[in-house]
Structure formats: C-alpha cells, structure tokens
Amino acid sequence: MGNTGSLLKRRRSWGPNRRTGGLSKSLRNVQPVLLHTLRDLVHRQRSLRIPTASRDDGRLMAPPSCARLRVSMPTYAIGDIQGCFRTFERLLARIDFRPQRDRLWLVGDLVNRGPRSLETLRFLRQHEGAIRVVLGNHDLHLLALAAGVTPARKSDTLDGILGATDGADLVEWLRRQPLLFREAPYMMVHAGLLPKWTEDEAESLAREAEALLSGTRAAELLEALRNKPTADARTKSRAGPRLDAAIETIRVLTRIRTVDAKLRPNFEFAGPPEKAPPQHRPWFDVTSRRDPGTTVVFGHWAALGRLLRGDVFALDSGCVWGNVLTALRLEDRRVFEEPFRENGDVRPASGP
Ligand SMILES: [Mn+2]
C-alpha cells in the first residue's frame, strides 16, 4: 500500500480538492470486484484492462472508479420478458444475479401481454448500470401509446405503466434505449438484421433511427411506423427520406423473421421456419455481409424458439405464451431457464 499512500499524499499536496480521500474509498469498492475478476481470469483466461491514471496537461487525472474498470463480468443474455416479472425475478434468483457483479443483456419486448410490465420497467431502470437493453416492437408500441399516436389493442397490458405516477419517466427512459447494441463479438437486436447490411452499416442505421426516436420527431416516427409497409420499400412517403429510412431500419430490427427470394423481409409470417411461405428463409440463413466471427443475439421469434449456434443466439423461448424464459451465460454458453409462472398460474390466460 506504499504507493497508494504516497499517491494520496501527492494528491493532498495539490491543495484543496473535493475528491481528496476518494481514492481509498474507490479502492475499497474495487477490492471485491478484483477478487471476482481474478477468479474469472483463471476460469476464462480473458484479458483484463484497467485504465491507469494518466497525465493530462501535467495534472494527474482522477483515479479510476469501480465503474470504469473494464473487467470481464458474467453476462447473461435474456429472452423476451414481456412483463412476466415474477418469472424474470425467479430466473434472476436462479442465476444468483448480483448487479454489482453481473450484467444482463435483454433482447427487447420488455413489456406487454404479460401481467407486470410496470414492475419490469421499474426494475430495469433501477439496475440500469448492470443492464443493456434493445427495443422491441412491443416496447415501441408502448412509446406510441404514450405519445397518443396509436390506439390500444385488446391484448395490451400497459395501463399500469400509463397510469403510474412514474409512468412518464419510465417511458422517457425507454425512449432513450438503443435499437442495436454491439460489443464484439456480439451484436444484439430484437428481431434481426438485413443480410445486405454489414455490421457497421447496421450500427449506423440504428444510431440514426435512435436519434430520431429520442428526439423531437419521435411521435411522427412512431405514428408512421403503424402504417403497413408497402411491397416496394423504395416508395416514398410524405414523411421525407430521413424518416422513411428510420422506419425501414426500425421495422427490420424489431420485426424481421424471414426474407423472400429477393431478400426482402416478410413482416407478416410469424410461424415456425418450416412453415414459412415458399422461397422464404429465416433472415439468418441467408448469406450475409456480416463478419463470420460475429454472433447476433436476438429474440422476437417465439415459434422459432431457442436456437444456439455460432452465428446466432435466438432467445425467445415463448415465456409469455406459457413456456420458459431463457438466460444464456455468454462466457460459457450455459443455458438457464425458468418456467412461466405469474399470479400462481402455470399457463397464461390466452394463447398466441
Ligand atoms: Mn417482438
């Protein structure tokens, strides 16, 4: 601890500093993380990158805080929750989830159809530092409802959020979440990607759509998303090219399942791949421009179910339809699953 002591002395010698003493506190916070990381390293032989204090204009920058330690943390990718919060909670207990140690990647469709969308969003917001989410079609439907640009559907279970005192805050939080999350060698989206997209193209298209969604034209975009896609994607709408491009991007990222012989997405078919219309194939079974080393993590396709192979991890195992909620630990690809159980029921009120 000799170095630490001298570093503290040097910090004090610079004069008044509100952060004096912060180093020892952050070291205390860091200790359990480091212990965990060492165990992690032994098991996974992952690289460890800890930012070191560096000089900037001759002044020593603030010591790295716990949050800025880039260490390999157990990461669980989890399928479509759709408001099945009790099931989600039990899945988290099963994996012994600890927000200061683990990370959760959620493939979207966080809300709707299930009974506890409000509790789900509150939990995600409370633990946002440990969680990465991407938006799904049901999440966008909630945004559209909250913006007043779409009518409610019979199967919606979103009144709890819309009527809650913190509902507007939760909706705003949701509106700022991404459509695509990329952390090599993974890319996470709700539904899928167009085969013609490179990863960089997919990411920049997603960033552009996210900028519109979190900006002042969000309501206009959400309303335009309701319109049925035209057969010819090049058909111009009155919304203008920027909004049209974002609409196409969002439809693909949040709704795609199959593509036709000309690689155009089919947004209607939701059945299992073997029942797809003639000439239609899953979007991920077509030669694509993606890096072969990349694994796309996604949900949305309950009829496909869980599919784990090198290039794709499909995680919608139909929880809200009475099946199971899946968590996949990315480091060792171990699968954890929790049977649907809400309100004491083992089956939901209605089928798909
Ligand atoms: Mn979906």
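**Basis and overall make-up**

Residue numbers start from 1 along each chain as its sequence is written. Because the model is predicted, local features need pLDDT of at least 70 and side-chain atom pairs count only at pLDDT 80 or more, while totals for chains, interfaces and linings use all residues.

The protein chain holds ten helices and 15 strands; helices (H or I, at least four residues) and strands (E, at least two) are DSSP runs, numbered from the N terminus. Of its 352 residues, 34% count as buried. A residue is buried if 20 or more other C-beta atoms lie within 10 Å of its own, exposed if 12 or fewer, and partly exposed in between, with C-beta atoms placed from the backbone. Among contacts between residues at least 6 apart in sequence, 69% join residues at least 24 apart; a contact means that the two C-beta atoms, placed from the backbone, lie within 7 Å.

**Helix α4 and its neighbours**

In helix α4 (residues 117–126), the buried residues are Ser117, Leu118, Thr120, Leu121 and Leu124. Down the axis of α4 these buried residues fall within an arc of 160 degrees, so they line one face of the helix; the arc is that of the directions from the helix axis to the C-beta atoms. They pack against α3 (85–94), β5 (131–133), α6 (159–163) and α7.

The axes of α4 and α7 (residues 167–175) come within 10 Å and cross at roughly 65 degrees. Axes here are lines fitted to C-alpha atoms, for helices over the stretch in contact, with angles from 0 to 180 degrees between N-to-C directions. The crossing of α4 past α7 is left-handed, meaning that the near helix is turned anticlockwise from the far one by less than a right angle. Leu121, Arg122 and Arg125 of α4 meet Leu170, Trp173 and Leu174 of α7. By class, this contact has four nonpolar, no polar and two charged residues. Nonpolar covers Ala, Val, Leu, Ile, Met, Phe, Trp, Tyr, Cys and Pro, charged covers Asp, Glu, Lys and Arg, and the others, Gly among them, are polar.

**Sheets and strand pairs**

Two strands pair if DSSP finds at least two bridges between them. An open sheet of five strands runs in the order β6-β7-β11-β13-β12, with mixed pairing. β6 (180–183) and β12 (307–308) are its edges and have a single partner strand each, so one side of each is left without a neighbour in the sheet. An open sheet of three strands has the order β9-β8-β10 and antiparallel pairing; its edge strands are β9 (265–266) and β10 (281–282).

| Strands | Sense | Bridges |
|---|---|---|
| β14 (residues 324–329) and β15 (residues 334–339) | antiparallel | six |
| β11 (residues 295–298) and β13 (residues 312–314) | parallel | three |
| β8 (residues 258–259) and β10 | antiparallel | two |

Thr326 stands opposite Glu337 in β15, and Val296 opposite Val312 in β13. Thr258 has Pro282 of β10 as its bridge partner. The hairpin of β14 and β15 has four residues between the strands, and Arg333 takes a positive phi near 55 degrees there.

**Pro272**

Pro272 lies in the loop between β9 and β10. Pro272 is partly exposed, with 13 other C-beta atoms within 10 Å. Leaving aside neighbours within four places in sequence, Pro272 is in contact with Ala303 and Leu304. Its C-alpha atom is separated by 9.6 Å from that of Arg257, 15 residues apart along the chain.
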